[in-house]
Amino acid sequence: MATEQQHQLQQEQPQHEQQKQEEEAAAMLVAVTTCKYSNRVLLKTILERDDGGVGLVGKRVLIGGWVKSSKEETKDPVPPPPPPQAVDKESKVEISCVEIIQSRIPFFRSIINVLGGGNYHVREKLEKPAPRPLPPPPPSIAFLQVSDGSCVATLQVHVASSIAPPCQLLPIGTCILVEGVLMQPLVPRKHVIELKVERILHIGTVEHDKYPLSKKKVPFEMLRDYSQFRPRTTTVASVVRISNALTFATHTFFQNHGFLYVQVPIITTTDCEGFSEKFQVTTLLGKADIKVKPNTRNETDGVSPEVIKSAVKEKSKVIEELKRSESNKEALTVAVQDFHKTNELASQLEAREKSKPGTSLKADIKFSEDFFARQTYLTVSGRLHLESHACALGNVYSVGPRFRADSTKRVAEMSMIDIEMAFSQLEDAMSCADDFFKFLCKWILDNCSEDLKFVSKRINKTCTAHLQSMISTTIEKISYADAVNSFKQVADNKFEKKLEWGDVLTADHLSYLAEEIYNKPVIIYNYPKEVKPFYARLNDDRKTVAAFDMVVPKAGTLISGSQNEERFDMLSSRIKELGLPREQYEWYLDLRRHGTVKHSGFSLGFDHMVLFATGLTDIRDVIPFPRSFGKANN
């Protein structure tokens, strides 16, 4: 019986080993599957394996990427040829007559030189042999650290000088497409695997002196002027991958919860919040038939354009500082007025340079003749348009750019995630916002581990722990009134002005609530109606509205939302109370006239979420092409 069992085990063991080998081979094949549309292998599939890629040694791959760093090493020199062997005296040596004469030529030249004088020097000079060509450079190997953007790590690629000149490959930023064999380094180094190139299919050279990333470390301030190259840096590449993961997580969350994705317009006729600074859209400026009003006096006579532009920048910085501090509202008001005057002077000066003398930029525009035959703007929020679909389809969401013409802000264009839910109230919106935020944090931890390791090492050591704490923490929900009361417990010298009911909660107040008082995310709800958009639903006390903000430690306000007013009379009264042009909102009022329903929603600042996840401090460093006051380079 035992013999039969041993025989059976002997038969099963080879089958088991063969099956294991087949599974490992299949896993290897899947791990290095090439891109369908470029036939190259992503470096991520090599370098982010558990073994670092060692299991792929000997495999032939085609990879493409950009050189992040490089060096050249010279091969050992070729040994000189062995000395000629001594000729045996007894061996016969045959010498021709020509060889004898050639060996005597120096002797004959000496005799001619003595007897014939200086003529021979000219002849000798003419017969002087050409200089020998320079010896070829010794063979070398170019070691390149190549990145294709799929992961943080780089692959070491070495190219022999016999395959391509090192001078073409070594500059930082060079693009290559190469084929070769994966192998372990002969000398143990930082990398456990490298690519020995056998064939080069493409070299995209770099003008080293003009390439802004030629230096290994470039400050963020400089990178903002070269947004076309920023993704080639390791930091910005990690930011982009984290941003991509957050986008995917957004669609995953809402699709899994039955939401429909809707694209809302960028151009709108409506001020979506009622009091925002908007960008106006027109095609009439610059056309020949536009009449320009005569300028009776020139306030910019004798003023240099450079001086005006410099003054605008300086005043803008002052406003930003006052806006962030929120310490002196009167000083802020004066600074804003001063800024507008200076900006107007700059506009007048620019107009004088572009138009005839004696005219200003202020044109008599007839919007009835414009492209849309009426005034139009770049949208500030997508929630109003999203409501029209929520009131027909249930739960909807949108992702897209939103614009604010506020020079005190760091950026004019930001990406926002807007959602609207029919048959839901304020509590439902707050609950959804909490779940969505935690889902995003967990998704980043689960799917961006390598990027988070890099971010923790280079930017913020606590970002991973911070994300983890957001998942496990129960969010605190307090009313605006409770928030104001909580500041009565704070020492008087903490804030310059004592907070009273009805005051705006500044960024400093909100940060203090989340970081000092509660030390976790906080939702503040039921704000005074004066500080929230006109469409927020009026509460029974007639003083507050069903609106909320989610404030996160070290990030500030990430989400703002509300239950929207579904009652026609109430909404109409709010529009009239705020002095908003009713004709802009007739389509919005129609949703209350016909089949109204209770609904709520919120907006998440996507770029601020990326900023929070990466630990960076300036929002311009997480937006691919940041647009800010005086800055729109491409």
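My entries below go from the whole chain down to single pairs of side chains.

**Entry 1: the chain as a whole**

I noted at the start that this is a predicted model. I counted 19 helices and 18 strands in the chain. Of its 634 residues, 41% are buried. I then looked up how far apart in sequence the contacts reach: among those between residues at least 6 apart, 71% join residues at least 24 apart. The exposed surface comes to about 37400 Å², and carbon and sulfur atoms supply 54% of that area.

**Entry 2: cysteines**

How many disulfides does the structure hold? My search returned 0. Cysteine 441 has 0% relative accessibility, so I logged cysteine 441 as buried. Cysteine 448 is at 4%, under the 20% cut-off, and therefore counts as buried.

**Entry 3: helix 13**

Next I asked which residues of helix 13 are buried. In this helix, which spans residues 449-458, they are Asp451, Leu452, Phe454, Val455 and Ser456. I also wanted to know what covers them. The cover includes helix 8 (234-256), helix 12 (426-447), helix 14 (463-472) and helix 19 (606-614).

**Entry 4: a nonpolar patch**

On the surface I found a nonpolar patch formed by Ile266, Ile267, Phe371 and Phe372. Together these residues have about 380 Å² of accessible area. I followed up on phenylalanine 372, which sits in the loop between strand 10 (359-364) and strand 11 (376-378). Its relative accessible area is 38%, so I put phenylalanine 372 down as partly exposed.

**Entry 5: aromatic pairs**

I searched the whole structure for aromatic pairs and got 20. I looked at tyrosine 211 and phenylalanine 229: their ring centres are 5.2 Å apart and their planes stand at 80°, so this pair is edge-to-face.

Phenylalanine 534 is in the loop between strand 15 (522-528) and strand 16 (544-552), and tyrosine 588 is in helix 18 (residues 586-593), so the pair ties together parts that are 54 residues apart in sequence. Both phenylalanine 534 and tyrosine 588 are buried.

I also asked which residues form one aromatic cluster. The members are Phe248, Phe253, Phe254, Phe259, Tyr261, Tyr397, Phe436, Phe439, Trp443 and Phe602.

**Entry 6: salt bridges**

The search of the whole structure gave me 29 salt bridges. I wrote up three of them and then a network.

- Lysine 71 and glutamate 73 meet through their side chains at 3.3 Å, N to O. Lysine 71 is partly exposed at 38% relative accessible area, and glutamate 73 is partly exposed at 30%.
- Lysine 529 and glutamate 577 form a salt bridge at 3.5 Å, N to O. This pair links distant parts of the chain, 48 residues apart: lysine 529 is in the loop between strand 15 and strand 16, and glutamate 577 is in helix 17 (residues 568-577). I found lysine 529 buried at 16%, while glutamate 577 is partly exposed at 47%.
- Aspartate 590 and arginine 593 meet at 2.5 Å, N to O. They are 3 residues apart in helix 18, so about one helical turn separates them. An α-helix has 3.6 residues a turn, so residues three or four places apart point the same way. Aspartate 590 is partly exposed at 31%, and arginine 593 is partly exposed at 35%.

Notes: Residues are numbered from 1 along each chain as its sequence is written. This is a predicted model: local features need pLDDT of at least 70, side-chain atom pairs count only at pLDDT 80 or more; totals for chains, interfaces and linings use all residues. Side-chain values use heavy atoms; hydrogens and water are left out. A disulfide is a pair of cysteine sulfur atoms within 2.5 Å. Buried means under 20% relative accessible area, exposed over 50%, partly exposed in between (1.4 Å probe, protein chains only). Helices (H or I, at least four residues) and strands (E, at least two) are DSSP runs, numbered from the N terminus. Contact means heavy atoms within 4.5 Å. Patches are made of residues with over 30% relative accessible area and no salt bridge: like charges are joined within 9 Å, nonpolar side chains (Val, Leu, Ile, Met, Phe, Trp, Tyr) within 5 Å. Accessible areas come from the Shrake-Rupley method with a 1.4 Å probe; for residues, only the protein chains shown count as cover. A salt bridge is a side-chain nitrogen of Lys or Arg within 4 Å of a carboxyl oxygen of Asp or Glu. Rings of Phe, Tyr and Trp (its six-membered ring) pair if their centres lie within 6.5 Å; planes under 30 degrees apart count as stacked, over 60 as edge-to-face and the rest as tilted.
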